[in-house]
Amino acid sequence: MMKSLVGVLAVAMVVVAAVQADDVPFTDKDLESEESMWKLYERWHNVYHGSSSDGLAEKVSRFEVFKKNARYVSEANKKKGMTYKLGLNKFSDMTMEEFTAKYTGGRPGPVIGTKNRTSSGSQATKRRAAANNCYVPSSWDWREYGVVAPVKDQGSCGSCWAFGAVGAVESKNAIWTGNLLSLSEQQVLDCSGGGDCNWGYPYTALQYAMNTGITIDANYPYKTQQQPCTFDPNNPPIVKISGISFVNSGDEDELKQAVYNYGPVVVIIEASNDFHSYSTGVFQGYCGTSTNHVVLVVGYGKIPDGPRYWIVKNSWGEGWGEKGYIRMIRDIDSDKGICGITTYPLYPDGIAVSSSAPAY
């Protein structure tokens with residue numbers, strides 16, 4: 001891949017990576033009593049639910065969950081050596097079971113990830129061989145080259161598997177053509193057979209992008225629920241990828257090379273309690289490797305005299321994390337990486353068809 005060509009084609013953009021999200025601020029005084037906690041809860045409720053018609057019983061029930069989450073956030077932020085902060089966000093009145101059921105849903109497979117598996121032939125093999133001999137910079141952020149679409153919001157549908165895959169196709173198309181399009185997650189959700197609002201396979205979503213292609217959001221807008229497929233192959237634009245490649249599982253160095261050489265990479269992680277309350281900083285909180293959520297690695301970097309990190313695009317809207325992103329620690333002493341990030345990385349190999357359409 002020619003980075004100079006990408007630079008010429010891309011639209012320059014300014015990325016402020018460490019901007020805190022729309023969390024509701026609070027202090028220890030807000031946690032001192034039931035009365036002060038209720039006032040905090042009402043302040044939070046006005047931000048995230050406004051004048052909703054929740055009944056008193058529902059609010060009281062949610063308040064009990066909110067209290068536990070608020071105390072957890074407060075105690076976590078007081079720990080020494082923290083490189084990140086948690087916050088009160090739109091998930092703060094949900095139990096982990098409720099949150100996991102509505103906002104995650106990614107599964108590895110059904111094809112086992114093997115190193116550099118592809119269906120695009122010898123040209124892809126030549127590109128990979130060349131890339132293995134290339135210099136890889138210490139930091140890289142595809143957002144700076146205008147090839148990453150704005151953060152989207154999957155809503156209360158476990159369609160992260162579609163959002164991660166579609167985000168990778170959007171970026172690959174922009175890198176190859178210089179045209180950043182917003183493609184349709186709803187089409188993938190309805191038509192690919194890769195899953196539903198409970199769970200799904202990013203590989204199957206990419207396979208669908210290779211065999212059928214994906215149209216733009218304007219042709220097939222997102223509805224936050226699975227519906228009968230209404231895709232019209234005669235209504236352009238349609239973007240098709242030429243193949244699918246895997247990064248060797250458990251290898252952070254190869255993931256870094258793949259992100260730099262080929263573009264954003266789809267990964268699957270465990271969205272833990274710390275993860276869902278993330279606000280800002282380099283995340284290295286508690287999470288295991290029971291992967292359940294699909295996200296997109298769009299770059300990597302390093303804090304001066306601090307930790308190295310992955311730049312990860314989520315699909316919970318710009319109000320979560322750092323304007324919809326999270327920085328996750330990398331190069332750790334774990335063969336699966338933070339939250340299992342190296343368990344199942346894959347990416348589109350190239351673009352086979354890209355119809356013209358208005359860009360962002």
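This is a predicted model: local features need pLDDT of at least 70, side-chain atom pairs count only at pLDDT 80 or more; totals for chains, interfaces and linings use all residues.

Colleague: How many helices and strands does the protein have?

Modeller: There are 10 helices and 12 strands.

Colleague: And what share of the residues counts as buried?

Modeller: Of the 360 residues, 55% count as buried. The protein exposes about 15200 Å². Carbon and sulfur atoms supply 51% of that area.

Colleague: Let's go to a helix. What span should H2 have, and what are its end C-alpha atoms doing?

Modeller: H2 covers residues 34-48, which is 15 residues. At 1.5 Å a residue, it should span 21 Å. The end C-alpha atoms are 21 Å apart, so the model agrees with the expectation.

Colleague: Which residues of H2 are buried?

Modeller: Ser36, Met37, Leu40, Tyr41, Trp44 and His45.

Colleague: Why would positions spaced like that end up pointing the same way?

Modeller: An α-helix has 3.6 residues a turn, so residues three or four places apart point the same way.

Colleague: What do the buried residues of H2 pack against?

Modeller: Helix H3, residues 56-77.

Colleague: What follows H2?

Modeller: Gly50 follows, with a positive phi near 55 degrees.

Colleague: Is Glu64 buried or partly exposed?

Modeller: Partly exposed, because its relative accessibility is 38%. Lys67 is at 7%, so it counts as buried. The cut-off for buried is under 20%.

Colleague: How many salt bridges are there in the whole structure?

Modeller: The search finds 17.

Colleague: Where does Asp331 find its partner?

Modeller: Its side chain meets that of Arg308 in a salt bridge, at 3.7 Å from N to O. Asp331 lies in the loop between strand S10 (325-329) and strand S11 (346-348), and Arg308 is in strand S9 (residues 308-313), so the pair ties together parts 23 residues apart in sequence.

Colleague: And how accessible is Asp331?

Modeller: Asp331 is partly exposed, with a relative accessible area of 40%. Arg308 also counts as partly exposed, at 40% relative accessibility.

Colleague: What about Glu322 and its salt bridge?

Modeller: Glu322 forms one with Arg327, and the closest N and O atoms are 2.7 Å apart. Glu322 and Arg327 are both buried.

Colleague: Which residues form a network of salt bridges?

Modeller: Lys152, Glu170, Glu185 and Asp217 are linked that way.

Colleague: Which residues sit on which side of S6?

Modeller: Val265, Val267 and Ile269 are on one side, with Val266 and Ile268 on the other. Both faces are covered. In a regular strand the side chains alternate between the two faces of the sheet.

Colleague: In what sense do S6 and S8 pair, and over how many bridges?

Modeller: They pair in the antiparallel sense, over 5 bridges. S8 spans residues 293-302. The bridge partner of Ile269 there is His293.

Colleague: Where is a peptide bond cis?

Modeller: From Pro236 to Pro237, with omega near 5 degrees. Pro237 lies in the loop between strand S3 (214-215) and strand S4 (238-241).

Colleague: What is phi of Lys323?

Modeller: Near 55 degrees, a positive value in a residue other than glycine. Lys323 lies in the loop between S9 and S10. At 33% relative accessibility, Lys323 is partly exposed.

Colleague: And where is Cys339?

Modeller: Cys339 is in the loop between S10 and S11. Its phi is positive too, near 60 degrees. Cys339 counts as buried, because its relative accessibility is 2%.

Note on methods: Residues are numbered from 1 along each chain as its sequence is written. Side-chain values use heavy atoms; hydrogens and water are left out. Helices (H or I, at least four residues) and strands (E, at least two) are DSSP runs, numbered from the N terminus. The expected span of a helix is 1.5 Å times one less than its number of residues. Buried means under 20% relative accessible area, exposed over 50%, partly exposed in between (1.4 Å probe, protein chains only). Contact means heavy atoms within 4.5 Å. A salt bridge is a side-chain nitrogen of Lys or Arg within 4 Å of a carboxyl oxygen of Asp or Glu. Accessible areas come from the Shrake-Rupley method with a 1.4 Å probe; for residues, only the protein chains shown count as cover. Two strands pair if DSSP finds at least two bridges between them.
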